[in-house]
Amino acid sequence: MKLVWSGAVQGELYDVVNDPGESKNLASERPNDVKRLKALLDAWSAQMAEPKWQPTPRAKLKPNQLTANQRAALPQSEQVKQWFDRLDANKDGKLSAEEFPRRRLFQMMDTNRDGLVTIDEVRKFLETIRGL
Ligand SMILES: [Ca+2]
Ligand SMILES: [Ca+2]
């Protein structure tokens, strides 16, 4: 099977063994194969997303660089909102360094370096450390 994915909703699926000329798109007949191959593709592109040479602290981040204390300070994915609201003392939708006084974690989460951490930055950070 070969999956062609160009950002289209469905993608194209070809049986390259029996149909080497890729004349018949099987995507609508075999949605499960599309799903399976798309999952593989996603896993692969997730690995490619952050090239090893990228000289940012984020790229160098490894789970074992987080201490148990740092891990404990982070929320479960499904509790991000409550966690965030609790820390956001002035309720402006952003965490300042005073509101989240763990300097290293704060710097790792503030990916655009504006000195504030948004809930999206927290979510992306959690995805990053869990993807490693
Ligand atoms: Ca705030
Ligand atoms: Ca930020």
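The largest nonpolar core in this predicted model brings together nine residues: F84, L95, F100, L105, M108, M109, V117, V122 and F125. A nonpolar core here is a set of buried Ala, Val, Leu, Ile, Met, Phe, Trp, Tyr and Cys residues joined through C-beta atoms within 7 Å. Two elements, α5 and α6 (119-131), each give two or more residues to it, and α5 supplies the largest share, three residues.

Next comes D110, which sits in the loop between α5 (103-109) and β4 (117-118). D110 counts as buried because 20 other C-beta atoms lie within 10 Å; the cut-off for buried is 20 or more such atoms within 10 Å, again with C-beta atoms placed from the backbone. Not counting residues up to four places away in sequence, D110 touches G115, L116, V117 and E121. S96 is 14 residues away from D110 in sequence, and their C-alpha atoms are 9.9 Å apart.

As for the whole chain, six helices and four strands make up its secondary structure, in the order β-β-α-α-α-α-β-α-β-α from the N terminus. These are DSSP runs numbered from the N terminus: helices are H or I with at least four residues, strands E with at least two. Of the 132 residues, 9% are buried.

Residues are numbered from 1 along each chain as its sequence is written, and chains are lettered from A and ligands numbered from 1 in the order in which they are written. Since the model is predicted, local features need pLDDT of at least 70 and side-chain atom pairs count only at pLDDT 80 or more, while totals for chains, interfaces and linings use all residues.

Terms used:
A residue is buried if 20 or more other C-beta atoms lie within 10 Å of its own, exposed if 12 or fewer, and partly exposed in between; C-beta atoms are placed from the backbone. Two residues are in contact if their C-beta atoms, placed from the backbone, lie within 7 Å.
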